[in-house]
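Below are some notes for a colleague who has not seen this structure before.

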Amino acid sequence: MKLFYDLHIHSDLSPCASREMTPNNIINMSIVKGLNVISLTDHNSTANLPALIEASHGSGLKVIPGIEVTSKEEVHLLCYFRELSRALKFGTIIYQSLPPIINMPEIFGEQNIYNSNDEIVGVLDKLLINATPFSIGDINNMVKESKGIMIPAHINKMSNSILSILGFIPKDLEVDFVEIYSKNSINKKMFEKYKILKNSDAHCLTDISEAVNFFDLNDMDSIYNIKEWDTP
Ligand SMILES: [Zn+2]
Ligand SMILES: [Zn+2]
């Protein structure tokens, strides 16, 4: 069974994302695109996960709770969880760890929290694009403790990727997957030991993936058996 996915999407909570990235718009565009599984991965916060997951109910679209964390090395790391409660707990720790630098919406963009009716119900004050004090290894351990999975993000992007900052993937970093940014090319042979996710990193609606990347899994629920993810 092919499950078409896009596991790297930003909502209007991320300062760099478009205002149109509301929970219902993300759900509806993902359905129009023919996707079966998506994840919301805002920068250093999980505050819009409850609204997006509630908005997805009855749509047939599966939403995996996620977040894109910035390590102290300024490397972006995608973190996925089986349970919303664990994702929210982790997201709170991450947000609280950010430096007390207040966002300036007119410069960086708004950081809006939504309910499932696409109404703005709050705003996050601290600038979400700053780095947390946690190392890549720290974050991997924290995510594993929460029964989640950490995946180095967009390794073929020139900024905030593990390759652009460290120049390599540390041998002792226990990760099964790396993420490739769909719009940039990469020599996949260099990363043969890893499974590969290909996502959009969408910050606006039209950038959400078409139904091209898929997992071959028996059923929708097996998506949570992360070890079974097999991406062609
Ligand atoms: Zn990123
Ligand atoms: Zn991103």
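How many helices and strands does the protein have?

1. The protein has six helices and 10 strands; helices (H or I, at least four residues) and strands (E, at least two) are DSSP runs, numbered from the N terminus. This is a predicted model, in which local features need pLDDT of at least 70 and side-chain atom pairs count only at pLDDT 80 or more, while totals for chains, interfaces and linings use all residues. Residues are numbered from 1 along each chain as its sequence is written, and chains are lettered from A and ligands numbered from 1 in the order in which they are written.

2. Of the 232 residues, 43% count as buried. A residue is buried if 20 or more other C-beta atoms, placed from the backbone, lie within 10 Å of its own, and exposed if 12 or fewer do. Among contacts (C-beta atoms within 7 Å) between residues at least 6 apart in sequence, 72% join residues at least 24 apart.

3. An open sheet of six strands runs in the order β7-β4-β3-β2-β1-β10, with mixed pairing; two strands pair if DSSP finds at least two bridges between them. At the edges are β7 (149-152) and β10 (214-216), each pairing on one side only. From one strand to the next the twist averages 30°.

4. Within this sheet, β3 and β4 run antiparallel and are joined by five bridges. T70 has H76, in β4, as its bridge partner. Helix α2 packs on the sheet, where it touches β2 (37-40) and β3, and its direction makes about 160° with that of β3. Such angles run from 0 to 180 degrees between N-to-C directions, with axes fitted to C-alpha atoms, for helices over the stretch in contact.

5. Helix α3 (residues 84-97) has 14 residues and reaches 20 Å from its first C-alpha to its last, close to the 20 Å expected at 1.5 Å a residue, a span counted as 1.5 Å times one less than the number of residues.

6. Which residues of α3 are buried? They are A87, F90, G91 and I94. Cover for the buried residues of α3 includes α2 (49-56), β3 (62-70), β4 (76-80) and α5 (136-145).

Conventions. Two residues are in contact if their C-beta atoms, placed from the backbone, lie within 7 Å.
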